[in-house]
Amino acid sequence: MKLQYFTFALMQQQKVRVRFAPSPTGGLHLGGVRTVLFNYLFAKQHGGEFVLRIEDTDQARYVPGAEEYIIECLRWCGLNADEGPHIGGPFAPYRQSERKETYRQFAEQLVKNGYAYYAFDTTEELEAMRAKLKTPENPSPQYNHAARLQMRNSISLSAEETAALLEKGTPHVIRIKMPANEEVGFTDLIRGHVQFNTDTVDDKVLLKADGMPTYHLAVVVDDYQMKITHAFRGEEWLPSAPVHLLLWKYLGWESDMPEWAHLPLILKPDGHGKLSKRDGDRLGFPVYAMNWTDPKTNEITKGFREIGFLPEAFLNMLVMLGWNDGTGKEIFSMPEMIERFSLERVHKSGAKFDFEKAKWFNHEYIVATDNDKLAELFLPVLKEKGENASLEYISKIAGMIKERCHFVNEIWDHGFFFFQQPKTYDVAAVKPKWSAEKTQFFMDWASVLETMSDFSLETIEESFKQLATSMNIKVGELQLPFRIMLCGGKFGPTVFNIAETLGKHETIERIVKGLDAINA
RNA sequence: GCCGCGUUGGUAAAUCGGUUAAUACACCUCCCUUUCACGGAGGAAUGACGGGUUCGACUCCCGUACGCGGUACCA
């Protein structure tokens with residue numbers, strides 16, 4: 001009985017729980033989506049739960065609409081959270097701003113236990129301190145164990161002075177008191193053992209003057225209270241890991257601390273550094289998952305969804321950025337990803353984003369998508385172009401040209417002539433080898449087509465070839481002109497397929513118009 | 001400056017001490033196709049540098065260089 005209970009308790013404790021904790025400040029970066037993906041895959045693989053938590057502790061950077069936008073991005077990707085501000089859950093609220101009261105008590109507890117202290121320095125005083133201590137050898141002076149004695153805080157001040165300041169309601173923050181010369185280390189699931197000396201990290205602010213926690217306090221308190229077992233985040237957080245480690249220890253929760261994994265960064269395609277929205281603008285590709293409209297400027301930043309990415313392709317592309325299963329396999333369905341994903345095979349180094357490869361992934365998914373589905377996805381694009389057609393018609397076209405599309409939207413670029421007659425003709429492509437006989441051929445053939453009752457691919461092609469042979473003209477020499485008449489240029493699928501799809505009437509009309517254009 | 005992390009072709013990358021160092025994208029040539037794409041055949045192109053350890057290092061260790069990240073009352 002006792003053993004059974006123990007086993008049950010252990011299982012409960014081991015239930016995998018991960019979280020994605022974005023701050024609602026703007027568009028969702030593809031690196032963020034990849035972090036979600038890795039979290040999601042890990043959770044699903046272990047039958048665990050995936051939590052969405054909103055880190056909105058910085059009221060100055062808060063952007064209205066960003067939270068809804070993030071949730072919609074996740075929905076589009078199919079990476080839905082099991083708990084979150086939009087659906088609730090047993091650990092609600094999931095917005096840090098709504099948990100504000102929780103943090104203060106833990107910060108106070110840390111002060112009481114000597115692990116943190118009140119600091120009354122104003123922004124100006126902090127700036128003055130940094131300016132004073134700044135040297136070429138030390139360009140960014142820290143508020144650390146040495147500096148804190150020169151500042152106004154509950155360590156440098158007497159207990160009476162501190163109490164008086166507090167009583168007067170003097171604005172203050174609570175800072176962690178980093179110990180001197182201590183080694184703090186942990187085992188990162190991706191990087192192995194990582195160690196820091198506390199002398200090199202400063203007394204980070206835990207609770208801001210407005211009563212809101214900083215990320216450092218909030219992430220620890222929330223991960224603890226929400227029973228997070230595995231915490232994945234970008235590599236840029238690695239340097240502040242010792243702060244978090246110490247906080248877990250100082251709050252007495254060390255045995256509940258999640259396992260950490262610091263994910264490699266996604267880098268610019270050219271040069272070096274983290275991929276930013278600016279790089280996308282500069283190089284002509286999206287960085288955000290979906291279109292993001294800045295509520296202040298109304299400026300729209302293009303997203304992967306809107307340029308015609310399929311969510312499955314988007315995720316597949318992302319999972320390969322920093323991870324592989326070791327077999328060379330590149331196309332993974334969601335169930336396959338969940339099955340094969342492993343943190344051990346996540347790279348330590350950052351990966352440069354390659355838009356060409358991303359396009360290739362989308363192409364692969366478009367080819368694999370059935371034509372009816374493509375037609376549905378393309379219909380809105382078509383309407384935007386001011387045209388309309390039946391799903392059946394679009395589906396047929398999609399099947400013919402999807403091989404040459406990287407994006408759903410490109411069905412238009414490669415097949416616009418199915419929806420409208422050519423406005424211009426690439427006559428230069430046919431003129432040099434044009435002749436009166438060829439004009440005669442097309443006039444005669446148009447008459448033949450007119451009488452045709454079965455306007456099918458086979459009959460069209462057969463009559464074309466028959467007439468060409470009887471007139472002693474090479475079939476090959478007639479195909480390009482025919483293409484120009486139907487499409488206007490040197491593009492599109494097999495000509496006879498186009499003709500069949502266009503139908504008898506339209507084909508004949510285009511032959512007549514095309515002939516005019518060529519002979520003009 | 002300091003601290004941390006990293007470094008296999010242009011890009012993503014396999015290899016977990018022994019290979020002619022895979023594969024994919026991109027690029028080039030040819031074939032197919034009198035458009036393009038798909039498909040097929042081929043090509044060019046990679047272990048930052050220097051020391052160790054070892055019979056043997058891309059692989060392990062130590063330096064150096066370079067890159068990135070952090071060094072906020074932002075996350």
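Start by selecting Asn181, in the loop between β4 and β5 (183–188); helices (H or I, at least four residues) and strands (E, at least two) are DSSP runs numbered from the N terminus. The phi of Asn181 is positive, near 50 degrees, in a residue other than glycine. Asn181 has a relative accessible area of 54%, so it is exposed; the cut-offs are buried under 20%, exposed over 50% and partly exposed in between, with a 1.4 Å probe and protein chains only.

Before moving on, a word on the ground rules. This is a predicted model, in which local features need pLDDT of at least 70 and side-chain atom pairs count only at pLDDT 80 or more, while totals for chains, interfaces and linings use all residues. Residues are numbered from 1 along each chain as its sequence is written, chains are lettered from A and ligands numbered from 1 in the order in which they are written, and side-chain values use heavy atoms, with hydrogens and water left out.

Next, pick Asn298, in the loop between β11 (292–293) and β12 (300–301). Asn298 is not a glycine, yet its phi is positive, about 65 degrees. With 57% relative accessibility, Asn298 is exposed. Then go to Ala92 and Pro93, which are joined by a cis peptide bond with omega about 0 degrees; Pro93 sits in the loop between α3 and α4.

**The RNA side**

Show RNA strand B and the 64 residues around it, of which Glu137, Glu330, Arg404, Lys490 and Gly492 come nearest; a residue is near a strand if one of its heavy atoms lies within 4 Å of it. Which element gives the most residues to the surface near RNA strand B? Select α18, which supplies five. Colour this surface by type and you will find 21 nonpolar, 18 polar and 25 charged residues; here Ala, Val, Leu, Ile, Met, Phe, Trp, Tyr, Cys and Pro are nonpolar, Asp, Glu, Lys and Arg charged, and the others, Gly among them, polar.

Zoom in on Lys208, with a side-chain N or O atom 2.8 Å from a phosphate oxygen of RNA strand B. At Asn324, a polar side-chain atom lies 2.9 Å from a sugar or linking oxygen of RNA strand B. Now select Lys357: an N or O atom of its side chain is 2.8 Å from a sugar or linking oxygen of RNA strand B. The charged end of Lys357 also sits over the ring of Trp360, 5.1 Å from its centre (NZ of Lys or CZ of Arg within 6 Å of the ring centre and within 35 degrees of the ring normal). Arg175 does likewise over Tyr143, 3.6 Å from the ring centre.

**Rings**

For the last stop, select Tyr115 and Tyr250. Their ring centres are 3.9 Å apart and their planes at 5 degrees, so the pair is stacked (Phe, Tyr and Trp rings, the latter by its six-membered ring, pair with centres within 6.5 Å; planes under 30 degrees apart are stacked, over 60 edge-to-face and the rest tilted). Tyr115 is partly exposed at 30%, whereas Tyr250 is buried at 10%.

Conventions. A polar contact is a pair of N or O atoms within 3.5 Å; within protein, one must be able to donate a hydrogen and the other to accept it, and residues adjacent in sequence count only if both atoms are side-chain atoms.
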